[in-house]
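Thanks, everyone, for making the time.

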Amino acid sequence: MKGISIEFPGVKALSNVDINIESGNIHALVGANGAGKSTLMKIMAGAYNHYTGSIFLNGNEVAIRSPRDAKNLGIEIVYQEVDTALVPYLSVAENIMLNVLVNKMGRQVFVHWPKIHQAARQILKRLNIQIDTNEIVQNLKLAQKQMVLIARAIAEDCRFLILDEPTAPLSNTETVELFRLLKDLADNHNVGIIFISHRLPEIFEICKDITIMKDGQVVTRQSVADLSVAKVVEFMLGQKLSEVFPKRKANIGDTLFEVAHLTEKEGSVKDVSLYVRAGEIVGVTGLVGAGKTELCKTIFGSLKTKSGDIKIKGIKRTINSPFSAVSQGLALVPEERRKEGVLVEEPVFSNLSAATLAKFSTPLGFIKSLLEKLNARNMITELSIKTPNENQKVAYLSGGNQQKVAVGKWLNADADVFIFDEPTKGVDVGAKHDIFELIGRLAVAGKGVIYATCEFTEILGITDRAYVMYDGQIAKELETANTDEEKLLFYSTGGK
Ligand SMILES: Nc1ncnc2c1ncn2[C@@H]1O[C@H](COP(=O)(O)OP(=O)(O)OP(=O)(O)O)[C@@H](O)[C@H]1O
Ligand SMILES: [Mg+2]
């Protein structure tokens, strides 16, 4: 791609970008949130036609102005926004074979369902994933949805495969499977792969070359072997980042919140007991599917409880809906941001105050929009949210910046206990640092924090104590100071 530029109202997203992708190679594309990675790849996949610049394939100029153009050239993309790319009410098989089906329907060919399911099963087998092809996609977990999207992209033979943060919802084990497949596609099928990720160590694991972007431009293209993580961060942010995890002096007080023998109605959470003290950050970790998200949702009243007790500041309470959770001083930052965390059709400022409207309302219930906007401007600065201004629709922000809005709206909440479910997913290293700092400040202010993540480095970096989940249960409780990645992995994989 040569001299690619594109503008949106008020935003110059790319200016004069050059990038070369080779067959049989895994090429990393990195940059801070809002740098322009997804936009560049959407152009390559034919999602936009109002860009300038040229695209060449084997030295010949080609026209890519629609998704159909890109597909005809063998370019497949797995978009960052998992939810918008899937058809929720269709089965796994239909979603995987969607492109094939659509092509067939255009030509009025009879659809042979057993064959469709068989083909889908074969692809899943190649990916080493166990998902029933008859399952309806909306019932899947986020990680499974991601796998379905990847399966769809390889359902048709492709020459170029673009993966926009494919590993964000995956844990280590699933990532290993994905990498095995990507290496196979590159080495044995000569596919050119473009790999976008904010987990920089992954880049060093599987990519040969790297293109680094900043503010809509390419900063450098190099061979990965010649770089280090610190150097990549420096190129991305334009400055050195000394440490990702800010230091915090823990000042732990009385127990704020506790659950005893909590069991979720469908059994996704079984007999969980845990507590959080004032000023404490408590981690909840485990592999994808261990029940972390379900635990957060059960505590928060968005999943039904079968049995168990909840105590807030020593007093027994009932939480049977998110509304009752919020009114009793709980806040939850959910995992699936587009679905549950933000209102994409609303502007940034109203999203940032959505969780704390009471603060911005007059006694008669009118919203003090000036205050609301001031609050938004503060948060935009604190979290370096990349947006032309606070009035921009959230849908127009980059993936990572949407996540910052989802987290930011809760950071001002008048809650005593904050629950974060994978808050740094898809967020660049600089912004991770900012989020950790704000979470640390909550703890210093005497709040209790429950922090769920499958990233062991984050557990080690910011928590005081951690619970490891396995199969819906707490397998182990650990003092963070006395643990390491090995122990976390041991208990996460069912070790006793
Ligand atoms: N449809 C759109 N309308 C307005 N602005 C847009 C649109 N799409 C992208 N942008 C803006 O273009 C810039 C680049 O966004 P892009 O999504 O390419 O970033 P990214 O590098 O993929 O970031 P992330 O790591 O957060 O996914 C951002 O400032 C974003 O807000
Ligand atoms: Mg992106």
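This is a predicted model: local features need pLDDT of at least 70, side-chain atom pairs count only at pLDDT 80 or more; totals for chains, interfaces and linings use all residues.

Residues are numbered from 1 along each chain as its sequence is written, and chains are lettered from A and ligands numbered from 1 in the order in which they are written.

Let me begin with the domains. The assignment, whose bounds come from an automatic or database source, divides the protein chain into domain 1 (2-237) and domain 2 (255-492). Their C-alpha centres are 29 Å apart, and the contact between them involves 24 residues from domain 1 and 22 residues from domain 2, where contact requires C-beta atoms, placed from the backbone, within 7 Å. On the domain 1 side, α7 (142-153), α8 (172-189) and α10 (229-237) each contribute at least two residues, and α10 gives the most, with three residues. Helices here are DSSP runs of H or I with at least four residues, strands are runs of E with at least two, and both are numbered from the N terminus.

Now to the ligand. Ligand 1 is surrounded by 19 residues, the closest being Phe8, Asn33, Ser38, Ser398 and Gly400, and a residue is near when its C-beta atom, placed from the backbone, lies within 6 Å. The elements giving two or more residues to this shell are β2 (11-17), α1 (37-44) and α16 (399-411), and the shell takes at least three residues from each of domain 1 and domain 2. By class there are six nonpolar, 11 polar and two charged residues, with Ala, Val, Leu, Ile, Met, Phe, Trp, Tyr, Cys and Pro counted as nonpolar, Asp, Glu, Lys and Arg as charged, and the others, Gly among them, as polar.

How many residues of α1 are buried? Eight of its eight residues are, buried meaning 20 or more other C-beta atoms within 10 Å of the residue's own, against 12 or fewer for exposed and anything in between for partly exposed, with C-beta atoms placed from the backbone. Just after α1, Gly46 has a positive phi of about 80°.

The largest nonpolar core has 139 residues, of which Ile162, Ile419 and Val449 touch the most other members; such a core is a set of buried Ala, Val, Leu, Ile, Met, Phe, Trp, Tyr and Cys residues joined through C-beta atoms within 7 Å. Leaving aside residues up to four places away in sequence, Val449 touches Ile281, Val282, Phe418, Phe420, Ile439, Leu442 and Ala443. Among the buried residues of α17 are Ile439, Leu442 and Ala443, and α17 is followed by Gly446, whose phi is positive, near 90°.

Finally, the loops. Asn58, between β4 (52-57) and β5 (60-62), has a positive phi near 50° without being a glycine, and Asn58 counts as exposed because it has 6 C-beta neighbours inside 10 Å. Asp471, between β19 (465-470) and β20, likewise has a positive phi, about 55°, but with 13 C-beta neighbours inside 10 Å Asp471 is partly exposed.

Methods
Two residues are in contact if their C-beta atoms, placed from the backbone, lie within 7 Å.
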